[in-house]
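Thanks for coming, everyone. Please have a look at the screen before I start.

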Amino acid sequence: MTERYRTRIAGTGSYLPEKILSNHDLEKLVETNHDWIVERTGIHRRHIVAEGQATSDLALHAAQSALADAKMTPQDLDCILFCTVTPDQPMPASACFLQTKLGCRNIMAVDLNAACTGFLYGLTIADQMIRTGFYKNILVVGAECISRYINYKDRETCILFGDAAGAWICSRTSESDPNVIMTSHLHAEGSLADLLQMEAGAARKPLTQEVLDRGEQFMKMKGREIFKNAVRTMATTCKEALSATNTPMGQIDWMIPHQANLRIIEAVADQFDFPKDKVILSVHETGNTSAASIPCAFEMGKSENKIKRGQLLLLTAFGAGLTSGSMILRY
Ligand code: UT7
């Protein structure tokens, strides 16, 4: 009889850089104010990468915490999936830098770009590679230095984003283990790509002095459109995950949504009449950290003694692309 494998989350970790950018700090950079930012987004502060640090440096801390939590060493890893839109450099992959910093064997190491849905894309690919028996232990990292792509004169974006890293170790377990990834659902709507993008700095529009002068290297966003699509896509994909596993929303212990804006998160929870105190939040502390958002929120929920082993978690995200996704897992 062929053995069938499933994926358990063996260990988790996250890392927030020390430097903090508060709403009051932003008041000195653009025409905004603390009360507006809190009322419209729920964000109080965000963490910003230090001079000279890059994305794989943040990821290293998160990965080491996840390995310690899983009681594993870097030698145990078979693969690194590094989810980011802000890699250390265009080539080679940040995953390769992380591999050598961690001291891994010469294992597969690759970057994935699915923006804020990146971590769910990474987990899903890891789950599939584990189920087929291809690998036993996969490090999935979501890490971003988004502050490097923010125009601190654009008040619509600069108030929202922060830097961070999160990491989970996905490991092979048996079919009888109840604590596994149960279902995942991923989407992308490329036709809406212009709503949120970094236009320049790659093959279509290489960096020239004119491009830099026009600020086309920075992240641009149509905020209101993104807001509506975020609520729509996250609610839709949550329904997919609930229906695929035949799970009533009342059975979900914790919802861990992408942390972009408190109002978006509450609008999604409201669609299911899901109690707000069962939604894990970190947006007040981190702002939107893109691919790092879900593992950082998870870690906050764990450190606050909310999330416990054996509980049923609903994860959901959306991001540039427009990508979106959901996952139900028993932790
Ligand atoms: O991972 C995906 C990433 N992106 C997102 O999730 C972002 C989704 N969008 C949002 O979170 C919201 O659309 C924003 C927070 C960006 C904006 O909030 P909003 O409630 O949609 O505001 P708005 O764009 O409708 O603007 C309302 C007013 C405008 O003034 P007028 O035209 O009413 O006079 C804006 O100019 O607020 C003004 N405004 C600001 N005021 C103070 C816009 N940004 C700011 C600001 N501070 N930072």
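First, some ground rules. This is a predicted model: local features need pLDDT of at least 70, side-chain atom pairs count only at pLDDT 80 or more, and totals for chains, interfaces and linings use all residues. Residues are numbered from 1 along each chain as its sequence is written, and side-chain values use heavy atoms, with hydrogens and water left out.

Start with the domains. The assignment gives domain 1 (5-174) and domain 2 (181-330). Such bounds come from an automatic or database domain assignment. The C-alpha centres of the two domains lie 14 Å apart. Domain 1 puts 54 residues into the contact, and domain 2 puts in 46 residues. Contact means heavy atoms within 4.5 Å.

Now the sheet. Helices (H or I, at least four residues) and strands (E, at least two) are DSSP runs, numbered from the N terminus. Two strands pair if DSSP finds at least two bridges between them. In what order do the 4 strands of the open sheet come? The order is β8-β13-β12-β11, with mixed pairing. On average, neighbouring strands here are turned by 10° against each other, direction ignored. Axes are lines fitted to C-alpha atoms, for helices over the stretch in contact, and angles run from 0 to 180 degrees between N-to-C directions.

Zoom in on one pair. Strands β12 (residues 312-319) and β13 (residues 323-330) run antiparallel, joined by 8 bridges. L315 has M327 as its bridge partner in β13. Across β8, β11, β12 and β13 lies helix α8 (residues 223-244), at about 145° to β12.

Next, the cores. Buried means under 20% relative accessible area, exposed over 50%, partly exposed in between (1.4 Å probe, protein chains only). A nonpolar core is a set of buried Ala, Val, Leu, Ile, Met, Phe, Trp, Tyr and Cys residues joined through side-chain atoms within 4.5 Å. The largest one has 42 residues, and M249, F272 and L314 are among those with the most contacts inside it. Which element gives this core its largest share? That is α8, with 9 residues. Take F272: beyond its neighbours within four places in sequence, F272 is in contact with A235, C238, K239, L242 and M249. There is also a second, separate core of 31 residues, including I9, M129, I138 and V140.

On to helix α4 (residues 94-102). Its buried residues are S94, A95, L98, Q99 and L102. They line one face of the helix, because they fall within an arc of 145° seen down the axis of α4. That arc is taken from the directions from the helix axis to the C-beta atoms. Their cover includes α3, β4 (79-83), β5 (108-112) and β6 (137-144). Just after α4, G103 takes a positive phi of about 85°.

Last, two loop residues. Q53 sits between β3 (45-48) and α3 (55-70). Is Q53 buried or exposed? Q53 counts as buried, because its relative accessibility is 18%. L207 sits in the loop between β9 (196-198) and α7 (209-213). L207 and Q217 are 10 residues apart in sequence, and 7.5 Å apart in space, C-alpha to C-alpha.
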